[in-house]
Amino acid sequence: MKLTVWGARGSTPVSGPEYLVYGGDTTCLEVRTRTNEVIILDAGTGIRALGKQLLLEGFHHFHMLLTHAHWDHQLGFPFFKPLYRFDCSMDIRGWVSAQESVEDLLGQAMRAPFFPVHLEDVGASLHFEYDCPSRFEMAGIEVRCFPMSHPNGGIGFLMIEGDKRVAFFPDNEPRFPHPGAPDYDDFIEFIRGVDVLFHDGEYLREEYEAFSRGWGHNVFEDTVRLAIEAEVKHLVIWHLNQDRTDDGLDRMQQEARALIAELGANLRCDLARTGLTIHL
Ligand SMILES: [Zn+2]
Ligand SMILES: [Zn+2]
């Protein structure tokens with residue numbers, strides 16, 4: 001598997017000279033399988049540049065998984081250029097809550113007066129799966145689902161290809177019991193021993209205690225500790241706060257690595273940044 005981060009910013013895209021290192025696009029992760037198929041996780045604004053790259057490389061078929069309905073995870077979908085190509089097709093599966101289907105969810109944003117092109121009128125052929133079982137196959141790899149602890153719900157994914165396992169939980173506050181959330185210990189077992197864990201680590205402790213507990217996002221030290229507890233090999237901290245500049249994120253990365261050293265753990269740790277690529 002080859003994993004590429006196209007956006008890991010939380011809540012809203014940002015831009016400016018203070019965001020150049022880590023990037024300002026919202027959640028989008030590309031997974032390339034060993035057979036060179038493409039799975040796109042979430043359709044944040046990072047998907048815009050990914051779409052251009054995939055067309056350049058001559059791809060016509062794509063798979064997409066959606067964790068939840070929050071705007072920062074859907075915002076880029078109408079700007080994914082392959083959508084407007086009659087020679088492109090996409091299989092889409094995702095978490096559904098109040099909406100009847102993922103198609104309705106994406107269609108709400110792609111209709112007048114919010115957007116000039118209706119989802120039904122795009123050129124690409126879209127295939128929606130209307131259920132999301134706890135285990136299924138996509139692009140030749142096994143995918144397992146597990147609830148995120150997050151306002152309005154959502155699911156994270158575990159992708160398994162051969163002996164490699166990758167978990168994606170971009171928005172998750174596992175120690176805070178949001179409705180439908182699993183036990184913390186069950187979550188740890190679900191991700192135990194994965195090669196790469198992409199996981200929410202948006203907040204500093206003081207921010208969390210002052211105003212953001214229960215907002216659905218995690219303190220980065222707690223993310224480091226859960227990764228150690230779950231014997232994760234490589235942690236990539238996700239959902240970068242909209243106000244956290246490159247300097248602040250550099251400090252967060254240093255502090256995360258210092259904590260790992262202090263705890264004597266064998267865990268590789270990076271903050272997500274646009275362009276980060278991991279080969280497994
Ligand atoms: Zn988010
Ligand atoms: Zn969210």
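Residues are numbered from 1 along each chain as its sequence is written, while chains are lettered from A and ligands numbered from 1 in the order in which they are written. Because the model is predicted, local features need pLDDT of at least 70 and side-chain atom pairs count only at pLDDT 80 or more, whereas totals for chains, interfaces and linings use all residues.

Start with the sheet. It is open and built from seven strands, running β6-β5-β4-β3-β2-β1-β14 with mixed pairing. Strands (E, at least two residues) and helices (H or I, at least four) are DSSP runs numbered from the N terminus, and two strands pair if DSSP finds at least two bridges between them. From one strand to the next, the twist averages 20°. Angles here run from 0 to 180 degrees between N-to-C directions, with axes being lines fitted to C-alpha atoms, for helices over the stretch in contact.

Within the sheet, β4 (residues 61-66) and β5 (residues 89-94) are parallel partners joined by six bridges. In this pair, L65 stands opposite R93 of β5. Helix α2 (residues 102-109) packs on the sheet and touches β4, β5 and β6, its direction making about 105° with that of β5. Contact means C-beta atoms, placed from the backbone, within 7 Å.

Now for the helix pair. The axes of α5 (residues 220-229) and α6 (residues 246-262) come within 10 Å and cross at roughly 40°. F220, E221 and V224 of α5 meet M252, A256, L259 and I260 of α6.

Notes: Contact = placed C-beta atoms within 7 Å.
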